[in-house]
Amino acid sequence: MTGSDANGTGADLGPGAAGGARIGVLTNLSAGGRNRSGHAVAHEASRHDDVLHGETAGSAMVPDAVAAFADQGVDLLVVNGGDGTLQR
């Protein structure tokens, strides 16, 4: 999995990239086009033992999903959603 660092260059987000943190990726399927990318995100997350993936059908479900990640010991939350996903 790759991403961007502060300088805009590709950064390796492979095993241990988060300093041993357990990562949770939350996809809000109702956010602009995420229905199309949700499967790909879930597949990529499944390739990493320290990454959990969850999906919501709307922003009203986000607080419960975040609480579930906390209950599972997630240290770092990544949100795959639109700007309304975190406004609740």
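Which residue in β5 does valine 25 stand opposite? In this predicted model, the residue facing valine 25 from β5 is valine 78. Valine 25 also has a counterpart in β4, where it stands opposite histidine 53. Here is a friendly tour of the fold around that strand, with some remarks on confidence along the way.

**Overall layout**
- The protein chain holds 2 helices and 5 strands, and from the N terminus on these elements follow the order β-β-β-α-β-α-β.
- Of the 88 residues in the protein chain, 30% are buried.
- Among contacts in the protein chain with a separation of 6 or more, 66% come from residues 24 or more positions apart.

- Averaged over the protein chain, pLDDT is 78, and 74% of the residues score at least 70.
- Helix α2 has the highest confidence, at a mean of 95, while strand β1 (residues 2-4) has the lowest, at 40.
- Over residues 1-11 the pLDDT stays under 50, and the model has 15 contacts beyond four places in sequence for this stretch.

**The sheet**
- An open sheet is formed by 3 strands in the order β4-β3-β5, with parallel pairing.
- β4 (51-56) and β5 (76-80) are the edge strands, and each has a single partner strand, so one side of each lacks a neighbour in the sheet.
- From one strand to the next, the twist averages 20 degrees.
- Helix α2 packs on this sheet and touches β3, β4 and β5, with its direction at about 165 degrees to that of β3.
- Strand β3 (residues 23-28) is joined to β4 by 6 bridges, and β3 pairs with β5 over 5 bridges, also in the parallel sense.

- Is β3 mostly covered or mostly uncovered? It is mostly covered, with 6 of its 6 residues buried.
- Ile23, Val25 and Thr27 point one way from β3, whereas Gly24, Leu26 and Asn28 point the other way.
- Leucine 26 has glycine 54 as its bridge partner in β4.
- Leaving aside residues up to four places away in sequence, leucine 26 touches a range of residues, including Glu55, Thr56, Val66, Leu77, Val79 and Asn80.

**The nonpolar core**
- Leu26, Leu52, Val62, Ala65, Phe69 and Val74 make up the largest nonpolar core, which has 6 residues.
- Helix α2 (residues 62-71) supplies the largest share of this core, at 3 residues.
- In general terms, nonpolar side chains tend to be buried together in soluble globular proteins.

**Two residues to look at**
- Histidine 48 sits in the loop between α1 (34-46) and β4.
- Because its relative accessibility is 12%, histidine 48 counts as buried.
- The side chains of histidine 48 and glutamate 44 make a polar contact at 3.4 Å.
- Proline 63 belongs to helix α2, and its relative accessibility of 41% means that proline 63 counts as partly exposed.
- From C-alpha to C-alpha, proline 63 and threonine 85 are 9.9 Å apart in space, and they are 22 residues apart in sequence.

Conventions:
Residues are numbered from 1 along each chain as its sequence is written. This is a predicted model: local features need pLDDT of at least 70, side-chain atom pairs count only at pLDDT 80 or more; totals for chains, interfaces and linings use all residues. Side-chain values use heavy atoms; hydrogens and water are left out. A nonpolar core is a set of buried Ala, Val, Leu, Ile, Met, Phe, Trp, Tyr and Cys residues joined through side-chain atoms within 4.5 Å. Buried means under 20% relative accessible area, exposed over 50%, partly exposed in between (1.4 Å probe, protein chains only). Helices (H or I, at least four residues) and strands (E, at least two) are DSSP runs, numbered from the N terminus. Contact means heavy atoms within 4.5 Å. Two strands pair if DSSP finds at least two bridges between them. Axes are lines fitted to C-alpha atoms, for helices over the stretch in contact, and angles run from 0 to 180 degrees between N-to-C directions. A polar contact is a pair of N or O atoms within 3.5 Å; within protein, one must be able to donate a hydrogen and the other to accept it, and residues adjacent in sequence count only if both atoms are side-chain atoms. pLDDT is the predictor's confidence in each residue, from 0 to 100.
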